[in-house]
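Please open the structure in your viewer and keep the selection tool at hand.

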Amino acid sequence: MAKTDVIMPQMGESIAEGTITKWLKKPGDAVRRDEPLFEISTDKVDAEIPSPAAGVLAEIKVGEGQTVEVNTVVGIIAENAAEAAASAAAPATAPAPAAASPAATTAPAPAKPAAPQPARSPVAHTPAPAAAVAQAATTALRETATPAGHDAESVEELRRTRSTPLVRRIAKEEGVDISHIQGTGISGRVTKKDLLAHLEAGGPAVAPTLGAPVPAAAAPAPMPAGPVFRPGDNVVVEPMSLMRKRIAEHMVMSKRTSAHVHTIYEMDCSNIMSTRNQVQADFVRRHGQKLTITPFVVKAVVEALRAVPVVNASVDGDNIVYKKDINVGVAVALEWGLIVPVIHHADELSLVGINTRVADLANRARGKQLKPEEVQGGTFTVTNPGVFGSLFGTPIISQPQVAILGMGMIEKRVRVIENDAIVIKPMMYTCLSYDHRIIDGAVADQFMGSLKKTLETADFKALL
Amino acid sequence: MDSIATETAPLCEAELLGVVPYADALEMQAQRVALRADGGCADRLWLLEHPHVLTLGRNAHETHVLADRARLAALGVEIHECGRGGDVTYHGPGQLVAYPIVDLAPDRCDLHRYVRDLEQVLLRVLAAWGIRGHLVPGRTGVWVERPGAPPAKIAAIGVRVSRWITSHGIALNVRTDLRYFDLIVPCGLAGSAVTSMAELLPDPPTVAQVAERFAQEFGVVFARRVQFR
């Protein structure tokens with residue numbers, strides 16, 4: 001097969017890496033040699049990179065916003081469309097050659113004993129489990145990019161008929177109907193990796209997306225009474241992705257486990273907003289990234305957890321387990337679900353360090369590059385539904401933690417301050433969902449009081 | 001104008017355009033880049049001024065524009081997004097804008113070198129009026145020391161390269177009304193500031209005078225035979 005690697009070019013002697021800012025072609029698009037293919041950004045210079053060959057863009061390996069070293073393969077150009085399709089299905093064989101064969105030839109995964117950690121399974125060590133789960137869920141996205149001409153065929157049809165012979169053979173051997181698997185290949189085709197992930201998923205329930213192993217006691221949620229739909233009803237039935245299933249199981253399990261109570265505080269964000277605005281331009285120049293509000297909140301959460309340690313704890317039978325490490329999970333919304341990467345030892349990081357970690361973890365979460373340990377070990381979680389315009393959410397605790405903080409939208413509101421003066425201030429509702437089994441209302445409010453004090457009065461410039 | 005480089009150096013046509021709306025300049029550049037890439041013309045150095053405009057580079061954050069759209073409209077300031085590197089920049093009357101549309105291939109294919117070379121041109125231009133500019137490590141643009149005040153930025157650089165053909169370029173504050181910079185987040189922390197040649201010199205030159213000098217120094221640094229059209 002005549003394929004050409006598209007590499008991150010060396011744009012200067014002292015330039016070691018580049019950030020892809022925009023792909024000018026989509027997978028499946030035809031390109032001429034020297035036609036602009038993607039744009040990169042290095043320092044203050046933007047550059048448009050021409051295609052190294054004529055053909056069809058078969059695959060984008062490095063997405064927009066990602067920074068890679070010079071000479072990294074960022075995409076693949078195939079000679080024609082058929083090869084482009086083949087190559088899109090092929091990558092499954094490339095990253096996991098050693099791990100794939102045992103799983104493909106041995107007994108199906110359901111026979112395995114219940115193991116809570118996916119990292120121990122034979123295929124999972126190559127792609128991170130969270131990543132594999134996330135990848136299995138991208139079908140909906142890919143389907144929107146279905147090349148013209150394939151519209152008439154159903155996705156199921158495509159998965160069955162257009163998968164590679166290898167995938168079909170394994171499926172046959174394992175007795176799997178691949179039309180029911182969420183494929184990540186072109187137009188939702190099932191790749192070998194998808195199939196192996198599917199076989200693997202036949203095993204026990206795990207919750208890699210929420211950073212906490214699900215206790216063995218967690219039984220499936222009871223079915224609602226009566227059928228949800230009857231044959232002939234005007235509905236579309238779509239199997240949940242693996243990630244969706246894990247989230248669903250974990251949410252129900254958490255609601256059943258913890259006695260959720262919520263307390264809502266309104267925070268005056270003048271302090272953090274003005275600090276951020278003052279340092280932003282210089283921060284971007286020095287660190288190559290924007291300073292977001294999240295690190296300020298994480299920093300304040302760390303202070304509050306230190307002040308009120310029972311919020312940084314877990315319940316173990318009749319014991320309260322106080323966690324000495326402060327590992328703050330930060331929920332990242334993905335187009336295909338949600339993932340909570342964890343900032344380990346957040347109490348040891350500066351504002352810059354937290355910002356960098358958050359940006360890096362969020363980026364890699366979106367690029368499906370997280371390692372298993374990066375979504376595990378959280379002791380407290382921060383989630384930000386405010387980015388979508390929510391005033392405040394009442395989030396569900398990520399087990400086995402005992403509290404989660406939801407940030408609302410920051411917006412200017414009219415406040416009455418001392419002397420009955422009316423002022424306009426950037427305000428944010430924050431909601432703490434806490435487990436009333438071990439945290440009393442007064443203690444939760446003590447935590448929120450500490451959080452408020454830090455956010456509103458701390459000299460964050462000194463913490464940069 | 002004297003020919004600076006030797007007769008064998010590649011030709012670069014310089015052109016004084018006067019005041020050009022930003023959108024027109026973008027369009028001109030796009031066409032010229034395509035033409036230059038096809039070998040249909042020589043290198044070109046455009047020297048111009050823009051009406052009041054804020055431009056947002058690829059890395060720009062809208063929050064760095066401090067004024068809202070209504071206030072910008074009231075002040076007659078346009079706002080544009082553009083495909084160069086960098087953040088928010090202000091352009092306006094009294095500021096020399098230079099857009100080199102030159103082919104860096106085959107011997108100058110290095111983005112950092114290109115930016116450094118532009119900085120050198122700016123330093124030489126400022127030196128011609130006795131202003132000692134300097135660079136700040138990790139930042140692009142040219143800065144000057146001011147007695148009793150923190151260093152201030154006098155020239156900005158934001159460039160784009162497509163198949164080694166350059167576009168966008170530099171903006172040097174000659175007689176810029178610096179109050180317009182208050183519309184955007186100033187370059188860095190509080191205390192960092194912008195300045196102009198007029199602020200530093202008792203008898204400042206005109207934009208046209210600085211433009212001619214820029215073309216001359218551009219020829220020296222880039223080894224081009226600069227000819228005004």
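**Before starting**

This is a predicted model, in which local features need pLDDT of at least 70 and side-chain atom pairs count only at pLDDT 80 or more, while totals for chains, interfaces and linings use all residues. Residues are numbered from 1 along each chain as its sequence is written, and chains are lettered from A and ligands numbered from 1 in the order in which they are written.

**Stop 1: the two chains**

Select chain A, which has 12 helices and 18 strands. Helices (H or I, at least four residues) and strands (E, at least two) are DSSP runs, numbered from the N terminus. Of its 464 residues, 44% count as buried. A residue is buried if 20 or more other C-beta atoms lie within 10 Å of its own, exposed if 12 or fewer, and partly exposed in between, with C-beta atoms placed from the backbone. Two residues are in contact if their C-beta atoms, placed from the backbone, lie within 7 Å. Among contacts in chain A between residues at least 6 apart in sequence, 68% join residues at least 24 apart.

Now select chain B, with five helices and 12 strands. Chain B has 229 residues, and buried residues make up 46% of them. In chain B, residues 24 or more positions apart account for 76% of the contacts with a separation of 6 or more.

**Stop 2: a helix pair in chain A**

Two packed helices are described by the angle between their axes and the distance between the axes. Select residues 294-307 of chain A, helix α10, together with residues 351-366 of chain A, helix α11; the two pack at an angle of about 120°, with their axes 9 Å apart. Axes are lines fitted to C-alpha atoms, for helices over the stretch in contact, and angles run from 0 to 180 degrees between N-to-C directions. This angle makes α10(A) oblique to α11(A). Angles under 35 degrees count as roughly parallel, over 145 as roughly antiparallel, 65 to 115 as roughly perpendicular and the rest as oblique.

Which residues of α10(A) meet α11(A)? They are Thr294(A), Pro295(A), Val298(A) and Lys299(A), and their partners in α11(A) are Leu351(A), Ile354(A), Asn355(A) and Val358(A). The residues of this contact of α10(A) with α11(A) divide into five nonpolar, two polar and one charged. Here Ala, Val, Leu, Ile, Met, Phe, Trp, Tyr, Cys and Pro count as nonpolar, Asp, Glu, Lys and Arg as charged, and the others, Gly among them, as polar.

Remain in helix α11 of chain A and select Ala365(A). Ala365(A) counts as buried because it has 25 C-beta neighbours inside 10 Å. Leaving aside neighbours within four places in sequence, Ala365(A) is in contact with Val332(A), Leu334(A), Ile339(A), Pro341(A) and Leu370(A).

**Stop 3: a helix pair in chain B**

Select α3(B) and helix α5 (residues 207-222) of chain B, whose axes come within 9 Å and cross at roughly 135°. The two helices, α3(B) and α5(B), are therefore oblique to each other. By class, the contact of α3(B) with α5(B) has eight nonpolar, one polar and four charged residues.

**Stop 4: the nonpolar cores**

A nonpolar core is a set of buried Ala, Val, Leu, Ile, Met, Phe, Trp, Tyr and Cys residues joined through C-beta atoms within 7 Å. The largest nonpolar core has 79 residues, and those with the most contacts inside it include Leu45(B), Leu172(B) and Phe214(B). Helix α3 (residues 111-128) of chain B gives the most to this core, with eight residues. Apart from this core lies another, of 55 residues, among them Ala304(A), Leu370(A), Tyr434(A) and Leu455(A).

**Stop 5: backbone details**

Select Gln399(A) and Pro400(A): the peptide bond from the former to the latter is cis, with omega near 5°. In chain B, the peptide bond from Ala105(B) to Pro106(B) is cis, with omega near 0°.

Is Trp164(B) buried or exposed? Trp164(B) counts as buried, because 21 C-beta neighbours lie inside 10 Å. Although not a glycine, Trp164(B) has a positive phi of about 65°.
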